[in-house]
Amino acid sequence: ADAADLVAPTLEGPADAIRACLADANLSVDAIDYINAHGTGTVANDITEIRAGERAFRRSEKMLERSQSTAHVGSYEAVLVEADGVPAGTLRWSDETCRMFGVEPGTRTLTRDDFFNFIHPDDRDQVERSVMDAVDAGRPYTLEYRIVRRDGGERWVLERGQAQHAGDGRQWLDGAIFDITARRAAEQALREREIVEAQLTE
């Protein structure tokens, strides 16, 4: 129908407005009957609870991001089997993971190739083999390897992850990545000092 042919229904109050929205959305008669039986107060309460839940979720996300930033720990998820239109190999990184790799925070979706391109060439094959072996065996994994950030800086990270499976066929990896550059530098400095001390005592 032309826009000129559309006639807005006469709404007697909030209840009629909600019923009209439900009808326009092609919701079931049961849903409309629910409004008739329980009134708009129940729906308003449900919406209020949903919005409160959304606000709580957003607060928890912000708290998680702050704690990750403080501890230099990032989280990730990697899709193993295509589902819901999301291709296999898609990665989702937290803001702290992005910062760790030198990627703009908020760049939530990357690819498997993006990830492996960040890994130091000398460590790349070992990381790929270790992850795939763990996925095939259905066990968690812990890895330490070097990454090369987009700005060219090199860092050491520790990754802990595990494959996850859902009843609907979805499969993915999730885990955490820790920046251990300072720890590795301290270990290297200690080794070098021990070598010097050993040489002086010879």
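1. In this predicted model, the largest nonpolar core has 25 residues, and those with the most contacts inside it are Trp93, Phe101, Phe115, Tyr145 and Leu173. A nonpolar core is here a set of buried Ala, Val, Leu, Ile, Met, Phe, Trp, Tyr and Cys residues joined through side-chain atoms within 4.5 Å; buried means under 20% relative accessible area, exposed over 50% and partly exposed in between, with a 1.4 Å probe and protein chains only. At least two residues of this core come from each of strand E1 (73–79), strand E2 (90–93), H3, H4, helix H5 (121–137), strand E4 (141–148), strand E5 (154–165) and strand E6 (171–179). Helices (H or I, at least four residues) and strands (E, at least two) are DSSP runs numbered from the N terminus. In soluble globular proteins, nonpolar side chains tend to be buried together.

2. On the conventions, residues are numbered from 1 along each chain as its sequence is written, and side-chain values use heavy atoms, with hydrogens and water left out. As this is a predicted model, local features need pLDDT of at least 70 and side-chain atom pairs count only at pLDDT 80 or more, whereas totals for chains, interfaces and linings use all residues.

3. The aromatic pairs number six, where rings of Phe, Tyr and Trp (its six-membered ring) pair if their centres lie within 6.5 Å, with planes under 30 degrees apart counted as stacked, over 60 as edge-to-face and the rest as tilted. Tryptophan 93 and phenylalanine 101 form a tilted pair, because their ring centres are 4.6 Å apart and their planes lie at 40°. Phenylalanine 101 also pairs edge-to-face with phenylalanine 118, at 5.4 Å centre to centre and 75° between the planes. Since phenylalanine 101 lies in helix H3 (residues 95–101) and phenylalanine 118 in helix H4 (residues 112–118), this pair ties together parts that are 17 residues apart in sequence. Ring pairs link Trp93, Phe101, Phe115, Phe116, Phe118 and Tyr145 into a cluster.

4. How buried are the members of these pairs? Tryptophan 93 counts as buried at 3% relative accessibility, phenylalanine 101 is buried with a relative accessible area of 0%, and phenylalanine 118 is buried as well. Leaving aside neighbours within four places in sequence, phenylalanine 101 is in contact (heavy atoms within 4.5 Å) with Trp93, Phe115, Phe118, Ile147, Arg149, Arg150 and Ile177.

5. Arginine 149, found in the loop between E4 and E5, has a side chain that reaches the backbone oxygen of methionine 100 at 3.2 Å. With neighbours within four places again set aside, the contacts of arginine 149 are Arg99, Met100, Phe101, Gly102 and Arg155.

6. Tryptophan 156 has the charged end of arginine 184 over its ring, 3.6 Å from the centre; the criterion is NZ of Lys or CZ of Arg within 6 Å of the ring centre and within 35 degrees of the ring normal. Alanine 182, in helix H6 (residues 181–200), counts as exposed at 61% relative accessibility, and its C-alpha atom is separated by 8.4 Å from that of tryptophan 156, 26 residues apart along the chain.

7. The mean pLDDT (the predictor's confidence in each residue, from 0 to 100) is 74, and 64% of the residues reach 70 or more. Over residues 1–29 the pLDDT is below 50, and this stretch has 17 contacts in the model beyond near neighbours in sequence.

8. The chain has six helices and six strands, and 26% of its 202 residues count as buried.

Notes. Polar contact = N/O pair within 3.5 Å; in protein donor to acceptor, adjacent residues only side chain to side chain.
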